[in-house]
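Let's take a walk through a protein together. Have the sequence and the 3D view open, and find each part as we get to it.

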Amino acid sequence: MSARSLAPTSAAAEPLLSDAPDALIDALARWTGSERRASGLSDGVPTPAAVLNEAWAVGGLSANGGWISADPLLTDCAALTDAVAHGELVQPGDHPALSFVAQDHGPPLVVLTVPQQQAARWPPAAEWQRRQPGTSAAHIVLVHRAMLPGSAGLVRAGRMLALTPRENHLLAALARTGDLRDAATSEAITYETARGAIKAALAKSGFARQGALVATALQLDAIDDPQPLELGDHLQQAIGLSDRQVALARLIALGSTRDEAARQLGLGRETVKAELKILFQLVGVQSAVGLSVVAAQLGIAARLLAASNIGATDLSAASEPLRLIQRRGRAGRIAFADYGPRDRIPAIHFHTATTSRYVPRSYVARLQELGLRPVMIDRPGYGLTDMVDGDYLDHEIRDVLDVADRLGAARCHIIARGGTILFAHLAAHHRERIARAVVLNPEPPPAADARMAGLAGRYKRIFYHVPRLVRPLTRYLASHLSDSVIERIAMRFFGSSAADQRLFADPDIRRAYVYATRLAAIQGGVGLEAVGDVEPRSEPPPLSDGRFITILSGDEDALYRPDDAWPRLLAAWPGTAAHRIAGAGRLLHLQHPELIAAALDEGSQSSRKPRQSAR
């Protein structure tokens with residue numbers, strides 16, 4: 001925190017003037033917030049994030065403290081220009097620095113400054129360096145674009161939450177100002193209009209408070225790893241907050257009202273009011289929304305720090321048409337990506353137990369060329385789909401139906417690369433909702449699985465027989481493994497499959513695979529543990545007619561053998577077609593998307609001319 005960031009209001013604020021940057025960096029790098037420990041999301045080690053370069057305004061600083069090839073949003077920001085002129089963004093030493101830069105109107109900016117020699121570990125800074133060959137910047141500065149005056153706003157988050165342009169612009173203005181009246185003024189609309197728009201955005205996104213909505217939107221705009229708001233531990237070390245102020249800061253940042261916070265802490269309303277006044281002064285905000293914004297910025301900085309230490313996957317994933325929808329009549333949200341076109345029947349893609357919704361863009365494009373409308377969904381506890389309480393399989397099925405209903409689809413195709421048991425129960429109970437289905441490289445029951453040797457075999461034994469160990473194992477792997485190690489493990493799982501080895505040599509395929517694996521683990525393995533509890537112990541319910549199903553298995557799949565997996569499925573699904581594909585492996589879906597399209601029998605178009613008979 002620089003001397004120009006916040007005016008000292010009490011003796012407790014003195015650390016802001018000198019020790020705060022190092023204290024915050026240390027606290028963020030450890031990332032051991034009490035909410036994460038309590039929710040089991042971390043074992044105290046930073047986990048990597050997928051960082052979205054487009055969300056960051058980046059610029060270089062010369063040794064003399066001048067801008068070099070900086071994003072115009074940085075150079076046009078008066079608060080940043082002033083901080084640069086006074087040498088406040090660069091701290092002594094050769095480590096990253098974090099600073100708060102106060103703005104005249106709105107919450108402070110969180111600014112990350114990276115020594116040039118360390119920039120290769122920070123995805124946005126590394127990308128800036130690649131675009132500026134030959135520059136001699138001493139430091140590189142990163143700021144979340146959505147917080148800067150004149151930015152385009154929270155475009156990605158707005159798309160994910162299905163906000164209207166007005167709602168999205170207002171949300172961005174609320175993040176920058178911290179106050180709805182100020183946001184309305186900046187958008188040149190009346191306060192009543194702003195209240196109506198933000199109320200609609202809250203209802204649509206499922207949040208109860210403006211602060212929680214703004215904070216989550218900020219995280220979604222910058223990283224694919226939103227975390228519960230964490231504020232107290234970081235600011236306690238930097239400012240010296242009391243335990244009561246830490247607890248109050250956490251409740252207010254999470255969206256509690258003053259009265260709710262007073263009841264939870266056993267305090268009087270006037271006591272909470274007085275403590276909040278001091279807290280707001282120390283942090284440099286004017287409202288609960290401003291406090292939530294600071295918490296979100298600190299969370300984003302923490303994820304970027306963790307990513308820089310371990311190695312992040314940068315996919316420029318802002319192009320993914322990701323949506324977050326509220327479950328109907330149930331708690332939580334569902335994450336899915338609808339790639340279109342909208343005039344076709346959705347083809348909902350189930351992912352494997354160790355991956356997630358993300359697939360290579362080349363695969364999506366090929367499915368579209370073949371007449372399909374790919375829709376990728378995160379299963380509960382994976383990626384950005386919230387975990388569920390109760391019957392996991394029942395909630396999985398309801399998630400699929402909720403997505404189909406949101407897309408306005410009476411029937412969908414299913415592409416089950418994983419989740420064979422999920423598909424089996426969906427088909428048994430909701431056959432009328434499925435047009436056609438393809439099951440790829442299905443898994444056998446544990447007792448019939450003959451491929452239990454090597455690394456894959458050891459992993460499967462844990463998954464089959466000790467699912468309670470899945471979550472700590474997933475947390476450990478997510479926290480300790482670099483992208484290159486994940487790639488090497490994947491190669492081991494592919495075994496001697498020449499088809500998989502050839503395909504995995506493509507860097508875009510490798511990046512997508514690593515990202516899908518990391519995304520699967522960001523909730524600490526809760527989804528994988530639930531799948532391990534349910535799927536190996538479940539049998540596919542019988543169907544009277546399985547002719548709408550096609551099973552495709554690669555004869556080079558090193559994980560499962562068709563001879564082990566097919567018998568129970570063919571017995572339960574009479575009439576199902578099953579094909580062994582020569583020269584295909586675990587990545588069958590990427591190797592032969594045309595077989596998937598053929599199995600779905602051109603049923604992807606909602607309206608088409610009838611075929612003419614052959615002459």
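**A strand with both faces covered**

Start at strand S1, where Trp56, Val58 and Gly60 point one way and Ala57, Gly59 and Leu61 point the other way, yet all of them are buried. Keep in mind as you look that this is a predicted model. Buried here means under 20% relative accessible area. S1 covers residues 56-61, and since 6 of its 6 residues are buried, the strand is largely enclosed by the rest of the structure.

Which strands does S1 pair with? One is S5 (residues 139-144), which runs antiparallel to S1 and is joined to it by 6 bridges. If you want a spot to look at, find glycine 60, which sits opposite isoleucine 140 in S5. Another is S2 (residues 67-68), also antiparallel to S1, with 2 bridges joining them. Here leucine 61 has tryptophan 67 of S2 as its bridge partner. S1 and S2 form a hairpin with 5 residues between the strands, and in that hairpin glycine 65 has a positive phi near 90 degrees.

Now move along to helix H7, residues 165-177. Its 13 residues reach 18 Å from the first C-alpha to the last, close to the 18 Å you'd expect at 1.5 Å a residue. Is H7 enclosed or open? It's largely enclosed by the rest of the structure, because 10 of its 13 residues are buried. Among them are Glu167, Asn168 and Arg176, along with Leu170, Leu171 and Leu174.

Next, look for serine 256, in the loop between helix H12 (243-253) and helix H13 (258-265). Is this serine buried or exposed? Its relative accessibility is 15%, so serine 256 counts as buried. Skip its neighbours within four places in sequence, and serine 256 is in contact with Arg209, Leu251, Ala261 and Gln264.

Last stop: the largest pocket, with a volume of about 1000 Å³. It's lined by 44 residues, and the closest to its centre are Ala353, Thr354, Tyr459, Phe493 and Leu528. Several helices supply at least two lining residues each: H19 (454-465), H20 (470-480), H21 (483-494), H23 (507-521) and H24 (526-534). Which one gives the largest share? That's H19, with 7 residues.

Conventions. Residues numbered from 1 in each chain as written. Predicted model: local features only at pLDDT ≥ 70, side-chain atom pairs only at ≥ 80, totals over all residues. Heavy atoms only, no water. 1 Å grid on protein atoms, 1.4 Å probe; cavity = no way out; pocket = protein on both sides within 12 Å on 5 of 7 lines; lining within 4 Å. Points joined across faces, edges and corners; volume = space filled by probe spheres on them. Helix = DSSP H or I, 4+ residues; strand = E, 2+ residues; numbered from the N terminus. Expected span 1.5 Å × (residues − 1). Buried < 20%, exposed > 50% of the residue type's maximum accessible area, 1.4 Å probe, protein only. Contact = heavy atoms within 4.5 Å. Pairing = 2+ DSSP bridges.
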